[in-house]
Amino acid sequence: MDTKIMIPLLFLLPLTACQEAGPSSDAYGKFEAREVIVSAEANGKLVAFNAAEGQQLKAGALVGLVDTTLLHLQRQQLRANIHAVTGKTQDAEPQVRVLQERKQNLLREERRLKALIVDKAAPAKQLDDLQGQLEVIDKEIAAIRAQNKTANRGILSEIAPIEAQIEVVEEQIRRCYLYNPVSGTVLLQLAEPYEMTAAGKPLYTIAPLSELELRAYVSGAQLPQLKLGQEVTVLVDEDAVSNRRLSGTISWIADEAEFTPKTVQTKEERVNLVYAFKVKVKNDGTLKMGMPGEVVFE
């Protein structure tokens with residue numbers, strides 16, 4: 001063979017070998033995040049709201065407030081009702097003091113009669129009658145206190161339902177304060193301050209972008225290669241001709257097969273049914289939701 005032809009072929013052989021040895025992706029998909037839709041829990045005017053798109057919020061941060069004026073007034077009214085109920089209670093002590101004064105008089109008379117009976121200046125029956133009157137007074141005092149206690153118990157029983165209503169109002173007030181549930185970045189703002197809102201109405205969506213998930217698909221033949229917690233390599237476009245390699249961990253594998261999504265290419269071109277799986281990837285700030293990615297099994 002002519003040496004002029006052999007020399008170019010020698011230069012092409014390493015290139016061909018590199019292309020054949022280059023990594024081929026096993027699965028393809030797109031990055032997604034766990035979005036949380038935060039909704040209002042109360043009806044009324046949104047007097048304060050601070051959740052702008054792109055804003056990073058921490059879990060537990062106060063981001064909104066629904067008008068609580070009417071609820072505070074309702075709570076004050078219920079507390080006033082409790083004071084009104086307690087004002088209805090009755091005091092039996094004035095009646096008891098009158099009976100106790102009569103009792104003291106009878107006791108003095110009893111001591112006097114005992115002295116007279118010792119001197120045989122008074123009959124014993126008179127003392128028996130006096131002691132009977134003392135027993136009656138003691139019973140009257142006990143009856144008055146028992147009746148008063150029963151009456152006041154019935155009156156004060158009206159307080160418990162009012163206190164329960166106050167607890168309901170306080171829970172409604174608590175739900176007017178909107179706290180952010182998870183740390184993340186606000187993706188979409190759906191409300192503005194001073195708008196009327198309602199319980200269950202979405203106000204904004206938030207997602208933690210520090211870690212994204214690549215949802216990809218494999219065929220049934222590839223499925224045995226996957227297991228939860230498996231470390232894989234994720235490829236993302238760095239420029240027009242090269243990829244950037246990231247490490248990821250398989251966090252979820254579908255239990256059932258589904259038809260191949262139109263927007264996803266698989267390793268085998270004629271596969272009808274595929275299995276979805278997710279790979280968690282730490283986000284260094286360059287990964288975006290909807291960005292395509294590839295998975296290479298180790």
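Helices, of at least four residues, and strands, of at least two, are runs assigned by DSSP and numbered from the N terminus. In this predicted model, the protein chain holds five helices and 15 strands.

Of the 298 residues in the protein chain, 31% are buried.

Part of the strand content forms an open sheet of four strands, arranged in the order β2-β9-β7-β4 with antiparallel pairing. Strands β2 (36–39) and β4 (56–57) are the edges of this sheet, as each pairs on one side only. Within the sheet, β7 (residues 184–189) and β9 (residues 202–207) run antiparallel and are joined by four bridges. Across this pair, glutamine 189 stands opposite tyrosine 204 in β9.

Among the helices, α4 spans residues 124–156 and contains alanine 151. The relative accessible area of alanine 151 is 28%. Because this value lies between the 20% limit for buried residues and the 50% limit for exposed ones, alanine 151 is classed as partly exposed. Alanine 151 and threonine 89 are 62 residues apart along the chain, and their C-alpha atoms are separated by 7.8 Å.

How values were computed
Residues are numbered from 1 along each chain as its sequence is written. This is a predicted model: local features need pLDDT of at least 70, side-chain atom pairs count only at pLDDT 80 or more; totals for chains, interfaces and linings use all residues. Side-chain values use heavy atoms; hydrogens and water are left out. Buried means under 20% relative accessible area, exposed over 50%, partly exposed in between (1.4 Å probe, protein chains only). Two strands pair if DSSP finds at least two bridges between them.
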